[in-house]
Amino acid sequence: MNKNNLQELVTKIQQKHHQDKGGKNASYIPYLASVPAQLSALAVVTAEGEVYASGDSDYGFAIESISKVATLALALEDKGSETVRRKVGDSPTGLPFNSVMALELHQDKPLSPLVNAGAMATTSIIEAKDKEERWARILDFQRQMASERVVLSDEVNESEQTTNFHNRAIAWLLYSAEHMFCDPMEACEVYTRQCSTLINTVDLATMAATLAAGGKNPISQKQVIKPQNIPHILAEMMMEGFYEKSGDWAYTVGLPSKSGVGGGIMAVVPNVMGIAAFSPPLDSAGNSVRGQKMVHELAHTLGLNLFLPK
Ligand code: DON
(Lines give C-alpha, C1' and ligand atoms only; values in the text may rest on other atoms or scores of the structure.)
Protein backbone atom coordinates (compact mmCIF):
# COMPACT_ATOMS: atom_id res chain seq x y z
CA MET A 1 0.00 0.00 0.00
CA ASN A 2 1.40 3.42 -0.92
CA LYS A 3 1.85 6.28 1.54
CA ASN A 4 -1.23 8.28 0.51
CA ASN A 5 -3.46 5.25 0.72
CA LEU A 6 -2.18 4.27 4.16
CA GLN A 7 -2.70 7.80 5.48
CA GLU A 8 -6.21 7.82 4.00
CA LEU A 9 -7.01 4.49 5.61
CA VAL A 10 -5.75 5.58 9.05
CA THR A 11 -7.84 8.77 8.81
CA LYS A 12 -10.93 6.94 7.57
CA ILE A 13 -10.85 4.35 10.35
CA GLN A 14 -10.19 6.90 13.10
CA GLN A 15 -13.04 9.11 11.89
CA LYS A 16 -15.39 6.17 11.48
CA HIS A 17 -15.01 5.14 15.13
CA HIS A 18 -14.42 8.40 16.94
CA GLN A 19 -18.01 8.76 18.06
CA ASP A 20 -18.67 5.08 18.79
CA LYS A 21 -20.44 4.58 22.09
CA GLY A 22 -19.67 1.97 24.73
CA GLY A 23 -17.23 1.60 27.59
CA LYS A 24 -16.37 3.88 30.49
CA ASN A 25 -13.25 5.74 31.59
CA ALA A 26 -11.34 4.00 34.38
CA SER A 27 -12.46 5.54 37.67
CA TYR A 28 -10.40 3.73 40.34
CA ILE A 29 -7.60 6.18 39.47
CA PRO A 30 -9.22 9.63 39.94
CA TYR A 31 -7.16 11.34 37.20
CA LEU A 32 -8.33 8.89 34.55
CA ALA A 33 -11.99 9.56 35.28
CA SER A 34 -11.43 13.22 34.34
CA VAL A 35 -9.86 12.69 30.89
CA PRO A 36 -12.31 13.78 28.11
CA ALA A 37 -14.00 10.58 26.90
CA GLN A 38 -14.43 11.80 23.32
CA LEU A 39 -10.66 11.91 22.60
CA SER A 40 -9.48 9.38 20.04
CA ALA A 41 -6.43 8.77 17.87
CA LEU A 42 -4.90 6.15 15.59
CA ALA A 43 -1.27 6.02 14.45
CA VAL A 44 1.08 3.79 12.48
CA VAL A 45 4.88 3.93 12.53
CA THR A 46 6.48 1.58 10.03
CA ALA A 47 9.63 -0.45 10.66
CA GLU A 48 11.35 2.08 8.34
CA GLY A 49 10.18 5.03 10.45
CA GLU A 50 7.33 6.43 8.32
CA VAL A 51 4.58 7.99 10.44
CA TYR A 52 0.82 8.07 9.73
CA ALA A 53 -1.62 9.52 12.25
CA SER A 54 -5.15 10.80 12.68
CA GLY A 55 -7.24 12.38 15.44
CA ASP A 56 -5.87 13.53 18.82
CA SER A 57 -2.54 11.88 18.09
CA ASP A 58 -0.41 14.41 19.97
CA TYR A 59 -2.50 14.28 23.17
CA GLY A 60 -0.38 12.87 26.02
CA PHE A 61 -2.27 10.21 28.00
CA ALA A 62 -1.25 7.98 30.91
CA ILE A 63 0.68 4.96 29.64
CA GLU A 64 -0.51 2.74 32.54
CA SER A 65 -0.07 -0.99 31.90
CA ILE A 66 1.61 -0.52 28.54
CA SER A 67 4.64 0.46 30.64
CA LYS A 68 4.84 -3.20 31.73
CA VAL A 69 6.17 -4.08 28.27
CA ALA A 70 9.06 -1.60 28.52
CA THR A 71 9.99 -2.79 32.01
CA LEU A 72 9.84 -6.42 30.86
CA ALA A 73 12.14 -5.54 27.95
CA LEU A 74 14.60 -3.87 30.33
CA ALA A 75 14.51 -6.87 32.71
CA LEU A 76 15.28 -9.18 29.78
CA GLU A 77 18.22 -6.95 28.83
CA ASP A 78 19.46 -6.93 32.43
CA LYS A 79 18.88 -10.53 33.45
CA GLY A 80 18.15 -12.66 30.38
CA SER A 81 15.01 -14.62 29.62
CA GLU A 82 15.61 -17.65 31.85
CA THR A 83 15.94 -15.53 34.99
CA VAL A 84 12.80 -13.53 34.15
CA ARG A 85 10.85 -16.75 33.57
CA ARG A 86 12.08 -18.34 36.76
CA LYS A 87 11.54 -15.32 39.00
CA VAL A 88 8.37 -13.81 37.51
CA GLY A 89 6.84 -16.38 35.13
CA ASP A 90 5.81 -16.58 31.51
CA SER A 91 2.19 -17.72 31.29
CA PRO A 92 -1.24 -16.10 31.15
CA THR A 93 -3.37 -15.99 34.31
CA GLY A 94 -6.79 -15.92 32.62
CA LEU A 95 -7.88 -13.50 35.33
CA PRO A 96 -8.14 -9.70 35.74
CA PHE A 97 -4.95 -7.61 35.82
CA ASN A 98 -5.03 -7.03 39.58
CA SER A 99 -6.33 -10.45 40.61
CA VAL A 100 -5.26 -11.78 44.01
CA MET A 101 -6.96 -15.08 43.20
CA ALA A 102 -4.43 -15.59 40.39
CA LEU A 103 -1.71 -15.45 43.04
CA GLU A 104 -3.57 -17.78 45.40
CA LEU A 105 -3.87 -20.35 42.62
CA HIS A 106 -0.10 -20.42 41.95
CA GLN A 107 1.59 -20.28 45.36
CA ASP A 108 1.78 -16.47 45.06
CA LYS A 109 3.95 -16.61 41.89
CA PRO A 110 2.73 -13.89 39.49
CA LEU A 111 2.99 -16.07 36.31
CA SER A 112 2.86 -13.16 33.86
CA PRO A 113 5.08 -10.05 33.78
CA LEU A 114 2.12 -8.19 32.24
CA VAL A 115 -0.29 -8.37 35.20
CA ASN A 116 0.15 -5.98 38.14
CA ALA A 117 1.77 -8.59 40.41
CA GLY A 118 4.21 -9.75 37.72
CA ALA A 119 4.97 -6.18 36.66
CA MET A 120 5.91 -5.20 40.21
CA ALA A 121 8.09 -8.32 40.50
CA THR A 122 9.69 -7.39 37.15
CA THR A 123 10.32 -3.85 38.41
CA SER A 124 11.99 -5.39 41.47
CA ILE A 125 14.58 -7.30 39.40
CA ILE A 126 15.78 -4.28 37.38
CA GLU A 127 19.42 -3.66 38.25
CA ALA A 128 19.65 -0.58 40.46
CA LYS A 129 21.42 0.50 43.64
CA ASP A 130 18.38 2.37 44.96
CA LYS A 131 14.84 3.53 44.18
CA GLU A 132 15.84 6.61 42.20
CA GLU A 133 18.20 4.66 39.95
CA ARG A 134 15.52 1.98 39.40
CA TRP A 135 13.08 4.69 38.37
CA ALA A 136 15.58 6.60 36.23
CA ARG A 137 16.51 3.44 34.27
CA ILE A 138 12.86 2.51 33.66
CA LEU A 139 11.90 6.02 32.51
CA ASP A 140 14.96 6.18 30.27
CA PHE A 141 13.98 2.84 28.72
CA GLN A 142 10.43 4.02 27.95
CA ARG A 143 11.94 7.07 26.28
CA GLN A 144 14.40 5.02 24.26
CA MET A 145 11.68 2.68 23.02
CA ALA A 146 9.25 5.53 22.25
CA SER A 147 10.52 9.09 22.33
CA GLU A 148 12.17 11.76 24.47
CA ARG A 149 8.73 13.34 24.78
CA VAL A 150 7.66 10.70 27.34
CA VAL A 151 7.55 12.40 30.77
CA LEU A 152 6.34 11.63 34.28
CA SER A 153 3.08 13.41 35.08
CA ASP A 154 3.12 14.59 38.70
CA GLU A 155 -0.65 14.83 38.55
CA VAL A 156 -1.18 11.22 37.40
CA ASN A 157 1.51 9.95 39.78
CA GLU A 158 -0.06 11.73 42.77
CA SER A 159 -3.48 10.40 41.82
CA GLU A 160 -2.14 6.81 41.67
CA GLN A 161 0.29 6.84 44.61
CA THR A 162 -2.49 8.01 46.94
CA THR A 163 -4.97 5.34 45.82
CA ASN A 164 -2.84 2.24 45.03
CA PHE A 165 -3.69 0.27 48.18
CA HIS A 166 -4.63 -2.89 46.28
CA ASN A 167 -1.25 -2.96 44.52
CA ARG A 168 0.52 -2.39 47.84
CA ALA A 169 -1.27 -5.44 49.25
CA ILE A 170 -0.19 -7.48 46.21
CA ALA A 171 3.41 -6.31 46.67
CA TRP A 172 3.43 -7.52 50.29
CA LEU A 173 1.87 -10.86 49.28
CA LEU A 174 4.66 -11.35 46.74
CA TYR A 175 7.24 -10.43 49.36
CA SER A 176 5.84 -12.91 51.86
CA ALA A 177 6.14 -15.67 49.24
CA GLU A 178 9.69 -14.61 48.21
CA HIS A 179 8.55 -13.51 44.76
CA MET A 180 9.60 -9.88 45.30
CA PHE A 181 13.27 -9.04 44.82
CA CYS A 182 13.64 -5.58 46.34
CA ASP A 183 11.80 -3.69 49.07
CA PRO A 184 8.10 -4.28 48.16
CA MET A 185 7.06 -0.66 48.73
CA GLU A 186 9.95 0.51 46.54
CA ALA A 187 8.79 -1.83 43.76
CA CYS A 188 5.19 -0.65 44.14
CA GLU A 189 6.15 3.02 44.14
CA VAL A 190 8.42 2.72 41.09
CA TYR A 191 5.84 0.58 39.27
CA THR A 192 3.21 3.24 40.01
CA ARG A 193 5.51 5.96 38.61
CA GLN A 194 6.18 3.93 35.47
CA CYS A 195 2.40 3.77 34.91
CA SER A 196 2.14 7.55 35.37
CA THR A 197 4.11 8.77 32.38
CA LEU A 198 2.36 10.61 29.56
CA ILE A 199 2.78 9.38 25.99
CA ASN A 200 1.03 10.40 22.78
CA THR A 201 -0.34 8.00 20.18
CA VAL A 202 2.46 8.56 17.64
CA ASP A 203 5.12 7.88 20.29
CA LEU A 204 3.21 4.78 21.41
CA ALA A 205 3.19 3.57 17.80
CA THR A 206 6.96 4.20 17.77
CA MET A 207 7.31 2.00 20.87
CA ALA A 208 5.41 -0.74 19.00
CA ALA A 209 7.54 -0.13 15.90
CA THR A 210 10.71 -0.62 17.97
CA LEU A 211 9.39 -4.08 18.81
CA ALA A 212 8.40 -4.63 15.16
CA ALA A 213 11.86 -3.61 13.91
CA GLY A 214 13.81 -6.17 15.94
CA GLY A 215 14.46 -3.83 18.87
CA LYS A 216 15.73 -0.85 16.85
CA ASN A 217 13.79 2.39 17.29
CA PRO A 218 13.05 3.30 13.66
CA ILE A 219 12.91 7.04 14.44
CA SER A 220 16.08 7.40 16.57
CA GLN A 221 17.77 4.50 14.71
CA LYS A 222 19.11 3.27 18.05
CA GLN A 223 19.20 -0.44 18.87
CA VAL A 224 17.35 -0.48 22.20
CA ILE A 225 16.51 -4.18 22.73
CA LYS A 226 18.55 -7.22 21.73
CA PRO A 227 16.84 -9.02 18.82
CA GLN A 228 16.83 -12.32 20.73
CA ASN A 229 14.59 -10.80 23.43
CA ILE A 230 11.88 -9.68 20.98
CA PRO A 231 10.13 -13.09 20.61
CA HIS A 232 9.79 -13.39 24.39
CA ILE A 233 8.22 -9.93 24.69
CA LEU A 234 5.81 -10.55 21.81
CA ALA A 235 4.83 -13.96 23.21
CA GLU A 236 3.91 -12.33 26.53
CA MET A 237 1.92 -9.63 24.74
CA MET A 238 0.02 -12.24 22.73
CA MET A 239 -0.80 -14.31 25.85
CA GLU A 240 -1.58 -11.57 28.37
CA GLY A 241 -1.64 -8.17 26.65
CA PHE A 242 -5.44 -7.83 26.99
CA TYR A 243 -5.73 -9.80 30.25
CA GLU A 244 -8.72 -12.16 30.33
CA LYS A 245 -9.65 -10.96 26.83
CA SER A 246 -6.23 -11.84 25.34
CA GLY A 247 -7.64 -15.01 23.81
CA ASP A 248 -10.45 -13.12 22.05
CA TRP A 249 -7.91 -10.68 20.66
CA ALA A 250 -5.55 -13.42 19.45
CA TYR A 251 -8.49 -15.24 17.85
CA THR A 252 -9.91 -12.22 16.06
CA VAL A 253 -6.94 -9.91 15.40
CA GLY A 254 -3.86 -12.11 15.70
CA LEU A 255 -1.32 -9.45 16.71
CA PRO A 256 0.74 -9.18 19.93
CA SER A 257 -0.72 -6.13 21.64
CA LYS A 258 -0.90 -4.34 24.98
CA SER A 259 -3.55 -2.15 26.54
CA GLY A 260 -3.54 0.33 29.40
CA VAL A 261 -6.38 1.74 31.51
CA GLY A 262 -5.42 5.20 30.23
CA GLY A 263 -7.08 4.14 26.96
CA GLY A 264 -3.94 3.32 24.97
CA ILE A 265 -3.36 0.18 22.89
CA MET A 266 -0.22 -0.78 20.99
CA ALA A 267 -0.02 -3.62 18.50
CA VAL A 268 3.05 -5.06 16.80
CA VAL A 269 3.26 -6.39 13.25
CA PRO A 270 6.72 -8.00 13.29
CA ASN A 271 9.06 -6.62 10.62
CA VAL A 272 6.32 -4.35 9.28
CA MET A 273 4.88 -1.72 11.64
CA GLY A 274 3.74 -0.61 15.05
CA ILE A 275 0.12 0.46 15.47
CA ALA A 276 -1.25 2.53 18.35
CA ALA A 277 -4.72 3.71 19.24
CA PHE A 278 -6.08 5.83 22.06
CA SER A 279 -9.51 6.57 23.46
CA PRO A 280 -10.37 6.57 27.19
CA PRO A 281 -13.62 4.52 27.51
CA LEU A 282 -12.78 0.91 28.48
CA ASP A 283 -14.45 -2.48 28.35
CA SER A 284 -14.85 -4.67 31.44
CA ALA A 285 -11.27 -6.01 31.17
CA GLY A 286 -9.73 -2.51 31.00
CA ASN A 287 -9.15 -2.31 27.23
CA SER A 288 -10.11 0.77 25.16
CA VAL A 289 -13.37 0.10 23.30
CA ARG A 290 -12.72 2.44 20.35
CA GLY A 291 -9.03 1.56 20.39
CA GLN A 292 -9.82 -2.12 19.86
CA LYS A 293 -12.19 -1.31 17.00
CA MET A 294 -9.66 0.94 15.26
CA VAL A 295 -6.74 -1.50 15.54
CA HIS A 296 -8.94 -4.45 14.57
CA GLU A 297 -10.26 -2.71 11.47
CA LEU A 298 -6.83 -1.50 10.34
CA ALA A 299 -5.25 -4.93 10.86
CA HIS A 300 -8.12 -6.68 9.11
CA THR A 301 -8.16 -4.31 6.12
CA LEU A 302 -4.41 -4.70 5.61
CA GLY A 303 -4.44 -8.48 6.18
CA LEU A 304 -1.97 -8.22 9.08
CA ASN A 305 -3.16 -11.18 11.22
CA LEU A 306 0.04 -13.16 11.89
CA PHE A 307 -1.81 -16.44 11.64
CA LEU A 308 -3.19 -15.82 8.13
CA PRO A 309 -1.80 -18.21 5.53
CA LYS A 310 0.22 -16.32 2.85
O1 DON B 1 -1.71 -0.65 38.52
C2 DON B 1 -2.75 -0.27 37.98
O3 DON B 1 -3.85 -0.73 38.28
C4 DON B 1 -2.64 0.77 36.88
N5 DON B 1 -1.57 1.68 37.18
C6 DON B 1 -2.43 0.14 35.54
C7 DON B 1 -3.46 -0.91 35.19
C8 DON B 1 -3.69 -1.09 33.74
O9 DON B 1 -3.40 -0.24 32.93
C10 DON B 1 -4.40 -2.31 33.30
N11 DON B 1 -4.62 -2.27 31.86
N12 DON B 1 -5.42 -2.33 31.06
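# Pockets, cavities and ligand contacts

The lining of the largest cavity is made up of eight nonpolar residues, four polar residues and one charged residue. That cavity belongs to a predicted model, in which two cavities reach 30 Å³ or more.

**Cavities**

- The volume of the largest cavity is about 60 Å³.
- Its lining comprises 13 residues, and those closest to the centre are Ser99, Ala102, Leu103, Val115 and Ala117.
- Helix H5 (101–104) and helix H6 (116–125) are the elements that contribute two or more residues to this lining.
- The second largest cavity holds about 40 Å³ of space.
- Asn25, Ala26, Leu32, Val35, Val261, Gly262, Gly263 and Pro280 form the lining of the second largest cavity.
- Five of the residues lining the second largest cavity are nonpolar and three are polar, with no charged residue present.

**Largest pocket**

- Two or more lining residues come from each of helix H9 (165–176) and helix H10 (184–195).
- Domain 1 (3–64 + 198–302) and domain 2 (67–194) each supply at least three residues to the lining of the largest pocket.
- Sorted by class, this lining has eight polar, seven nonpolar and two charged residues.

**Second largest pocket**

- The space in the second largest pocket is about 150 Å³.
- Its lining includes Met1, Asn2, Lys3 and Leu6, together with Thr46, Glu50 and Tyr52.
- Val272, Met273, Leu302 and Leu304 also line the second largest pocket.
- Seven nonpolar, two polar and two charged residues make up the lining of this pocket.

**Ligand**

- The side chain of Ser65 has an N or O atom 2.6 Å from an oxygen atom of the ligand.
- The side chain of Glu160 places an N or O atom 2.9 Å from a nitrogen atom of the ligand.
- Val261 has a backbone N or O atom 2.8 Å from an oxygen atom of the ligand.
- On its own the ligand has 350 Å² of accessible area, and the protein covers 98% of this.

Technical notes:
Residues are numbered from 1 along each chain as its sequence is written. This is a predicted model: local features need pLDDT of at least 70, side-chain atom pairs count only at pLDDT 80 or more; totals for chains, interfaces and linings use all residues. Side-chain values use heavy atoms; hydrogens and water are left out. Helices (H or I, at least four residues) and strands (E, at least two) are DSSP runs, numbered from the N terminus. Ala, Val, Leu, Ile, Met, Phe, Trp, Tyr, Cys and Pro count as nonpolar, Asp, Glu, Lys and Arg as charged, and the others, Gly among them, as polar. Domain bounds come from an automatic or database domain assignment. On a 1 Å grid over the protein atoms alone, a cavity is a set of points where a 1.4 Å probe fits but cannot get out, and a pocket is an open set with protein on both sides within 12 Å along at least five of seven lines; lining residues have an atom within 4 Å of a point. Grid points are joined across faces, edges and corners, and a volume is the space filled by probe spheres set on the points. A polar contact is a pair of N or O atoms within 3.5 Å; within protein, one must be able to donate a hydrogen and the other to accept it, and residues adjacent in sequence count only if both atoms are side-chain atoms. Accessible areas come from the Shrake-Rupley method with a 1.4 Å probe; for residues, only the protein chains shown count as cover.
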